[in-house]
Amino acid sequence: MRDAVLLDAVCQKYKGNIHAHSVRSDGEYTVEQMIEAYRSKGYDFMCLSDHEIYFHSDAYDTETFIMLDGYEMACEMERNTTGQQYHLHGLLDRSLLAEKPFQHDEEHAKPDYESLDTIQQLIDEMKSKGNLVIMNHPEWSKNREEDLLKLEGYAAIEIYNHQSEIQEAVGYGVSYWDYVLKRGKQVNAIASDDAHGGPTDMVVSEFYGGWIAVETDQLEQQAIIEAIKAGHYYSSNGPMIHDLRIENDRFKVKCSPVRSIRFITFPDNGLAEMDPTGQCITEAEYFIQNNEQYVRVECVDASGRVAWSNPIYPKSELQ
């Protein structure tokens, strides 16, 4: 496999939460209060993904903190009838050159669910309006893995939703991600808060529990979007990934101190690296066989918190 630097320890990584809500939809806090909460905790960017109402403004941007334009779109469904929901996240991607992108505070009417085609049409519509699309909280939504495989055009799956995890124990969507990866769909991962309200300064809070760290040379909307599309970021609810690269067919990772570093692969089994004395480790590597459908990294700390890399696709590179 070709050598590549996916994350570079010497490069800037910007921390952000792209899923949160304000009083513009069903959140408890104002826009200003939400921004101050995240900015005060050292975040570099965020998106107010309020339901069916678009945020498109640079009025709150500074040199050290910006707002990403976007929203969260739901499909109108009766959960008792269908057994599930669909929530899709849109982030403004100017490279799509939409003729009529959403304006600030523009509302998007929820469609009535008829079949999976309804969701595909919604994804297509969101993209036509200039959005990078993310599949939000599939475990909370009770989505079917086979349906996520059928759907096309979304860029990532929200594999950790902090609010869903601490309130309803349904925050992890990693199994959905692995399901579609094993069957050839190439999508990235997202971790986020989905914060709506409650105390911001408690040990157990909807805030500051899931984020992404994006490696790019500037703190700017499209630069972050391009890095997300390229997979130049990691997702986390605790640990940090400092460096991730491919050298001489070795997938190498350096991270904050963790209990184990796991290389998840398919179809063969992967590799779990741990110190036999129980000490924390900060780096590991996996020898790429070049027959893997994908390889991704999980860095797991002593509390069970995880940092997830995006996948690489050794087999695809050979085809």
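Visitor: What makes the space of about 150 Å³ a pocket?
Guide: On a 1 Å grid over the protein atoms alone, a pocket is an open set of points with protein on both sides within 12 Å along at least five of seven lines. The volume is the space filled by probe spheres set on the points, which are joined across faces, edges and corners. The second largest pocket holds about 150 Å³. This is a predicted model, where local features need pLDDT of at least 70, side-chain atom pairs count only at 80 or more, and totals for chains, interfaces and linings use all residues. Residues are numbered from 1 along each chain as its sequence is written, and side-chain values use heavy atoms, with hydrogens and water left out.

Visitor: Which residues line the second largest pocket?
Guide: A lining residue has an atom within 4 Å of a point. There are 13 here, and Asp58, Asp61, Met67, Arg94 and Gln221 lie nearest the centre. The lining divides into 3 nonpolar, 4 polar and 6 charged residues. Asp, Glu, Lys and Arg count as charged; Ala, Val, Leu, Ile, Met, Phe, Trp, Tyr, Cys and Pro as nonpolar; the others, Gly among them, as polar.

Visitor: How do you know that the largest pocket lies between two domains?
Guide: Domain 1 (13–237) and domain 2 (238–318) both give residues to its lining, so the largest pocket lies between them. The domain bounds come from an automatic or database domain assignment. This pocket has a volume of about 340 Å³ and 20 lining residues, divided into 12 nonpolar, 5 polar and 3 charged.

Visitor: Why is glycine 198 called partly exposed?
Guide: Buried means under 20% relative accessible area, exposed over 50%, and partly exposed in between (1.4 Å probe, protein chains only). Glycine 198 has 24%, so it is partly exposed.

Visitor: What is glycine 198 in contact with, leaving aside its neighbours within four places in sequence?
Guide: Contact means heavy atoms within 4.5 Å. By that rule, glycine 198 touches Glu28, Tyr29 and Phe207. The C-alpha atoms of glycine 198 and tyrosine 29 are 9.1 Å from each other, although 169 residues separate them along the chain.

Visitor: How do you know where confidence is lowest?
Guide: We look at pLDDT, the predictor's confidence in each residue, from 0 to 100. Helix 2 (residues 79–82) has the lowest mean, 72, while strand 18 (residues 306–308) has the highest, at 99. The protein averages 96.

Notes: Helix = DSSP H or I, 4+ residues; strand = E, 2+ residues; numbered from the N terminus. 1 Å grid on protein atoms, 1.4 Å probe; cavity = no way out; pocket = protein on both sides within 12 Å on 5 of 7 lines; lining within 4 Å.
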